[in-house]
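Trainee: I'm new to this one. Could we go through it together, step by step?

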Amino acid sequence: MSTTAPEPVAGARTGLAGLLVVPATLFVAIGLLGPIAILFRYSLNQFIPGQFMVDGLTIENYVKFFTDGYYLNVLARTVRVAVVCTVACLIMGFPLAYVLARTQSRFKNLLIIAVVLPLFVGNAVRAAGWMTAFGSRGALNASLMGMGLIDQPLEIMFTENAVLIGIIAVNLPFMVLTLQSVIEGIPRNVEEAAFSLGAGPAAMFRRVLWPLALPGILAGTILTFILAMNAYATPVLLGGPRFQMMGPLVYGQFAQQNNWPFGGAISFILMTATIILTVAAHLIVQRRYR
Amino acid sequence: MARLSIEHLRKTYGDLTVVDDVTIDIADGEFLVLLGPSGCGKTTTLRMVAGFIAPSAGAITIGERSVTALPPWKRNCGLVFQSYALFPHMTVAENVAFGLEMRKVSPADRIPRVAEALRLVQLAGFDERYPRQLSGGQQQRVALARALAMEPDVLLLDEPLSNLDAKLRQEVRVEIRDLQRKLGLTTIMVTHDQEEALTMADRLVVMEKGKVRQIGSQRELYEKPADRFVAGFIGRSAFLDGEITAPGRFRTRGGVEIGCAAATGTGAATLALRPERIAVGGEAQGLHNHFQARVEHASYLGAILDIDVSLSGHDRMLLQIPNKAGVAEPKPGETITIGWAEDAGLVYPREA
Ligand SMILES: Nc1ncnc2c1ncn2[C@@H]1O[C@H](COP(=O)(O)OP(=O)(O)OP(=O)(O)O)[C@@H](O)[C@H]1O
Ligand SMILES: [Mg+2]
């Protein structure tokens, strides 16, 4: 960039850039913020069975959520599942992303497609596949029992573990691709410089690779965390009717109970919890590594 | 600081031999330059010494320590990359301290050593800057300071100056050389810049196609090139293909008879002459060998003139003559007299 660049050119450029972000801004405003605002307004209304929704300005829906152990439990479970899934995706995803980023193989593109491949299968289809594999009469239990390794079928379907496995499988590709692109941007030379200066692999990772990959780690964890917090199909299909998470809970209030005000309140609580946890994690990590 | 010995080092990728039986002994405190055309295996050799490439065969010894099987972090080789490879998330001081940190030097003891390393490369006061806030030359000097601070046994430089502009290259070249002498560091530098190699090295290694062609001082390489490749690669030579007809007698392909002390043995051979040994015009008359040559092409290069001449239909050779005031510049088509002494020139058996 030249320091003598005349002002008007720079001005015109920012003007153009401003113009270019208009479509995205409009889309976000109409498609996202609008419904959220309406939802928030609904969450302050009253629900009277038989009358559907009554205009009002009350926080009783929020009070109901935070005073009922059942709902708090669902929130706690959702956060726990999301945290476990995110950590698992990071731990499993980092080595995979590193190998993908550093491989010299001719088949690199194939490997990347292999990582994304699970996403080609919709959630419902995948869950159906797991039912046949992990159900009490599924392939896994049948073969384990056939070999005499277990007497009772393993309870996998309709447990928290099934949901964890399901969400991790869906989120892992997002984590891997995010990390891979960031690691690819870290020159191999920098790692070699660390080695030549006496850093073993662990020290190199801690002092060089991790801090340089941090933007990707943050982006990847935020992405997978949000996806996990809002998971819908996987908990419904693999968790069964008794395993409640926030996503299905919201849907239930809208579609089955017709309780829009309470549904709106739950949506808002879910969104707020997601944002607070994400920002908090972001701040903690940044403070430690800056 | 230690002596470094590389013995019968070899690297193959499948059928491709990239480094072929390289043996080099580097004395304690010596500055050795690896020189050769692109793709001849210089970087590969250096990276095997640093430990980033496992040799297919051979041994590397630093001091009394065989390091052939050691990982890079146990070799104590300071490495300076062409692309600097500074840690972008660390300040200059943190970069330089990194090697000390890895050696468990206490934070208090690191401070004076970092300051000293930065002072050596004339970057005192730049401690708190980040690499992105430095110029290319400054970054390169930080990379050097970082390698020096860990007090390496061997310093390895892979084209450390090639990203710098000509003026800066001169400066950093002198700085590196001075530091290397002052600290008595055993050093290998890779370059394909001949001038850089000649000005910096104690000794040079000329490589071609993975093989060492010659090891020696600047004077040895220039005056006694071991083969035709070195004669053409270090400095310039005029070549004449032909055969040795009798001891001391050389006949070119075009049938020109030349008296040449270096012609021994028999068979197809190439005569190599250094341009400054070839006289032109009146001076040439009194010499043992003198010929009429036709000027084919002349290029004006400032201090010298490049002149392409033919001795006969088959024998073309390139002359370089000083651009002296009052001497007319030969023009294409003219005939000039050229000549050289009997003891000028070296003869190499012709390679198949
Ligand atoms: N991983 C590899 N697989 C196959 N061939 C390789 C590999 N790495 C290097 N080579 C080949 O080895 C040869 C030597 O490479 P090297 O990088 O050592 O050359 P160099 O002398 O440093 O060249 P330059 O002056 O251009 O840097 C080259 O022909 C290169 O193509
Ligand atoms: Mg190289």
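Trainee: Which residues does B:Ile188 touch, not counting residues up to four places away in sequence?

Mentor: Keep in mind that this is a predicted model. B:Ile188 is one of the residues with the most contacts inside the largest nonpolar core. Leaving out residues up to four places away in sequence, B:Ile188 touches B:Leu4, B:Ile6, B:Ile26, B:Leu32, B:Leu34, B:Leu46, B:Leu155, B:Leu156 and B:Leu157.

Trainee: Which element gives the largest share of this core?

Mentor: The core has 95 residues, and those with the most contacts inside it include A:Phe65 and A:Met246 as well as B:Leu4 and B:Phe87. Another core, of 46 residues, lies apart from it, with B:Val96 and B:Ile176 among its members. For the largest share of the 95-residue core, look to chain A: 13 residues come from helix H4.

Trainee: How many residues does chain B bring to the contact, and which three residues supply 39% of the area that chain A buries?

Mentor: Chain A gives 17 residues to the contact, while chain B gives 21 residues. Together the chains bury about 1700 Å², with 69% of it on carbon and sulfur atoms. On chain A, the three residues supplying that 39%, more than any other three, are A:Ser196, A:Leu197 and A:Arg207.

Trainee: Which side chain meets A:Glu192 in a salt bridge?

Mentor: Happy to show you! The rule finds 2 salt bridges across the interface of chain A and chain B. In one of them, at 2.7 Å from N to O, the partner of A:Glu192 is B:Arg47.

Technical notes
Residues numbered from 1 in each chain as written. Chains lettered and ligands numbered in written order. Predicted model: local features only at pLDDT ≥ 70, side-chain atom pairs only at ≥ 80, totals over all residues. Heavy atoms only, no water. Contact = heavy atoms within 4.5 Å. Buried area = accessible area lost by both parts, 1.4 Å probe. Salt bridge = Lys/Arg side-chain N within 4 Å of Asp/Glu carboxyl O. Core = buried A, V, L, I, M, F, W, Y, C linked by side-chain atoms within 4.5 Å. Buried < 20%, exposed > 50% of the residue type's maximum accessible area, 1.4 Å probe, protein only. Helix = DSSP H or I, 4+ residues; strand = E, 2+ residues; numbered from the N terminus.
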